[in-house]
Amino acid sequence: MAKVKPFKAVRPTRDKANLVVSRSYHIYDKEGLEFRLKNNPYSFLQILNPGYKFAQEISTKKEFNLVRNRYHEFKDENFFTQDNVPKFYLYKMVTRKDSFIGIIGATAVDDYEKNVIKIHEDTLEKRELLFKEYIDTVGFNAEPVLLTYPKNKVLDNLYDIIMQERPEYEFSTTDRISHFLWLIEDPEKIKTIEQEFKTIDSLYIADGHHRSASSALLAKDYPSTDASQKYFMSCLIPEDNLKIYEFYRLVKDLNGLSKKEFLIQLDAIFTIENCGLNPRKLSQQHHFSMYLDEEFYILHLRSKFKNFENALEALDAQILYKLVLNPILGINDLRNEKRLDYLPGTNDLIQLKRKADTEGFQVAFGMLPISINQMKEIANNNLSMPPKSTYIEPKLRSGLTIYEF
């Protein structure tokens, strides 16, 4: 039984919403970040990067305090407004290819602790502690955790009714994505949303494992059962509305092997099909695409390696790590290995080739994306995927709704 409740969001005023919202801070390269900070005084990036105001680098501890100060400046300047009663927020994102609809609300840390909210990816303790200190200092969370749940007809029908009304926000961003937000304050609609989520046994984290874990750590410092720190902001999207992509893996060198020696070692594991200059899409799991020395290959896993004991062992990202990246290419740490890089599967094989050729990678691998059922099976069995096993859309914006502690 999942507990999801409304909250009093801090939001940009209607006239500034399109200027305030931003993508996650880490997505921008240095030039893109500099451009936005220079040209958009309303961007939420101004809050997340307060050192720009002073034209200097600042330490982490000082930065957290400056983020809080800059946030309150935005509130004082009436760039934000806060709802006076708790509400749910229906959010719709429309890209050139897809449309995503989800409900933004407050989800319970207790559900996370009791495994009602399930994880499929390990977190790093250092990052958990750092983000816990961050949200405790700044006093808000501005980017929802992305959760998913089984399709629910009652909720779908309710969302259809709500979307017939005029949204509070309707705007487009420069990446050609349209955003819509409806405010839900009708008591009956709120009650329906709360009751329907109570009928759902499990929610699954699609994106935001570190934010969830950090919120759980923070809650331990606040013993009061009704403290705002006992919840964290989430956007809940039906699982059939998620888009799951893979990540390509790119490696700088062949770990001292020649091309011939490398292919000989791969031949013991895969049937190797040389596609030359013509990349081909994969048709099934346990097949891998490879780009090596300006040629494309398809690797078919040999049958003797297909005796899997659990869902994790059957995961292509895990197979690639266990059979190739680690034993042949000498990669031990998938998170921190400097010889290894990733590219989201929203890019095609030609873009993979371009990145490999221009940035000096000797070999690159691709695979099919996992299914939602694979992700759920791994979470249900308390297993953890390798890092960068999934690239999931939608990618939510910062600053559209803000949850204050």
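Of the 405 residues in the protein, 53% are buried, where buried means under 20% relative accessible area, exposed over 50% and partly exposed in between (1.4 Å probe, protein chains only). The model is predicted: local features need pLDDT of at least 70, side-chain atom pairs count only at pLDDT 80 or more, and totals for chains, interfaces and linings use all residues. Residues are numbered from 1 along each chain as its sequence is written, and side-chain values use heavy atoms, with hydrogens and water left out.

The protein contains 14 helices and 21 strands. These are DSSP runs numbered from the N terminus, with helices (H or I) of at least four residues and strands (E) of at least two. The radius of gyration is 23 Å, close to the 22 Å given by the globule rule for 405 residues, so the protein is as compact as a globular protein of that length. The radius is taken over C-alpha atoms, and the rule is 2.2 Å times the number of residues to the power 0.38. Along the principal axes, the C-alpha atoms fill a box of roughly 65 × 50 × 40 Å.

Among contacts with a separation of 6 or more, 78% are made by residues 24 or more positions apart. Contact means heavy atoms within 4.5 Å. The accessible surface comes to about 19,300 Å², and carbon and sulfur atoms hold 46% of it. Areas were computed by the Shrake-Rupley method with a 1.4 Å probe; for residues, only the protein chains shown count as cover.

Helix α2 spans residues 30-39, and its buried residues are Gly32, Leu33 and Leu37. Seen down the axis of α2, these fall within an arc of 125 degrees, so they line one face of the helix. The arc is that of the directions from the helix axis to the C-beta atoms. The face turned away from the buried side carries exposed Glu31, Phe35 and Lys38.

Helix α10 (residues 209-219) is mostly covered, with 10 of its 11 residues buried. The buried residues include His209, His210, Arg211 and Leu218.

Ile184 lies in strand β10 (residues 177-184). Ile184 is buried, at a relative accessible area of 2%. Beyond its neighbours within four places in sequence, Ile184 is in contact with Lys87, Phe88, Leu90, Ile103, Ile162, Lys189, Ile190 and Ile193. Met163 is 21 residues from Ile184 along the chain, and their C-alpha atoms are separated by 11 Å.
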